[in-house]
Amino acid sequence: MLRNTRARWGALSQLFHWLIAALIGVQIALGLIGTELPLSMTKLATLARHKSLGITLLALMLVRLMWRALNPTPALPDTLKPHERVLARITHTGLYVLVIALPLTGWIMSSARGFPVSWFNLFQLPNLVGRSAALYHAMVRTHVLLAIALGLILVLHIAAALKHHFVLKDDTLRRMLPGAGTALTRKE
Amino acid sequence: MLTSRLARLTLSAFALTAVGAAHAAVPGHDYVSSPAHSTLTYTFTQAGAANHGVFKSFSVQFDPRAKTLEVVIDMRSFDTRDAQRNTLLGGAQFFDVARYPQARFTAAQLQKTPRGYIATGPLTLRGVTRTVSVPFTWRPLGGSGGELQGKTVIERLAFGIGQGEWHATEWLGNPVTVRFALRMVPATH
């Protein structure tokens, strides 16, 4: 089923989730490698791909948010305590905000440095701001801090998903995975 | 009578010699670029995006009557507005400004076009000489000079700009667009 229901995520939401998850993994790797490399063609290529994928992520997130708005959102498990519901809400909102803010700060960073962003060498994006060394350095710091924040929230998100699946043995992870069966229908 | 004819003959011979010398400037028609009002810029593709740079110090001599054009560029005066990139570009893998501090273009031929000329001749850049054609417009401003504008595309690799790993063109394009907008003023002889 393409659309979400109150019980589980639809195919399109799942595709967004796992595609974006994979891209975030690649982005973290490219970002770390690109930063460490000395100035070279490899560095140029690594950071160019990082930027292209970042813009891809930004576009995917915007479409994903629209799809989310047009679909029912599966309810959080009933077993959650009130403070856990708040934590889940903060984590999920944080993920959305960070995965949008990271490409944006990266794009501003490149613009301020005077290196315009290209999407896979196919077309050039407009600069968001004029050249500014101060803004560039501020954006580098912000980008790194946001990336660290994303890493921490991801650990929380993955740990919670695994806890639901292996400790609480509920449907939380399974409903984001392909396959019609649910834990409730399978177990008993 | 004889002396005056001789004098005229000498004069004509002198005039013929002057016309015959292809690169002799014609007084009143010889112009040089005014540094404060002239720009020489270039655009290159870095990671799929257009990036720009300038040469801050260069001189252009142009004489439309004698059909001469000469450009001399101080390669050390380049600037791409990025310290890290400038360091790389000035080094041996790119401009190698320590060994090749000067680039030069001389028009061996100046062909008239409706709005200007096409200059064709040797361009020496990073120690490599290649023939290039540079179209430009020429707009005279009364007797006080004129405006010379144009652009041409050169291939950086033809001049060895980008050695080693920088020879690859996927992330650093081979074609470089060179643009110039020059305010030409009468040369002082």
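Between chain B and chain A there is a count of 1 salt bridge. Bear in mind that this is a predicted model. The partners are Arg113(A) and Asp82(B), whose side chains meet at 2.4 Å, N to O. Polar contacts between chain B and chain A come to 7 residue pairs, with both residues at pLDDT 80 or more.

On the chain B side, two elements each give two or more residues to the face that touches chain A: strand 3, residues 49-55, and helix 2, residues 83-90. By residue class, that side of chain B splits into 8 nonpolar, 5 polar and 5 charged.

Now the extent of the interface. Chain B puts 18 residues into the contact, and chain A puts in 16. About 1700 Å² is buried between the two chains, and carbon and sulfur atoms give 57% of that area.

Next, a helix pair inside chain A. Helix 2, residues 41-69, and helix 3, residues 82-113, have axes that come within 9 Å and cross at roughly 145°. The crossing of helix 2 of chain A past helix 3 of chain A is left-handed.

Which residues meet there? From helix 2 of chain A, they include Ile55(A), Leu58(A), Met61(A), Leu62(A) and Leu65(A), along with Arg64(A) and Arg68(A). On helix 3 of chain A, the residues they face include Tyr96(A), Val99(A), Ile100(A), Leu104(A) and Trp107(A). Taken by class, the contact of helix 2 with helix 3 in chain A has 12 nonpolar, 2 polar and 3 charged residues.

Note on methods
Residues numbered from 1 in each chain as written. Chains lettered and ligands numbered in written order. Predicted model: local features only at pLDDT ≥ 70, side-chain atom pairs only at ≥ 80, totals over all residues. Heavy atoms only, no water. Contact = heavy atoms within 4.5 Å. Buried area = accessible area lost by both parts, 1.4 Å probe. Salt bridge = Lys/Arg side-chain N within 4 Å of Asp/Glu carboxyl O. Polar contact = N/O pair within 3.5 Å; in protein donor to acceptor, adjacent residues only side chain to side chain. Helix = DSSP H or I, 4+ residues; strand = E, 2+ residues; numbered from the N terminus. Nonpolar A, V, L, I, M, F, W, Y, C, P; charged D, E, K, R; others polar. Axes fitted to C-alpha atoms, helices over the stretch in contact; angles between N-to-C directions. Left-handed = near helix turned anticlockwise from the far one by under 90°.
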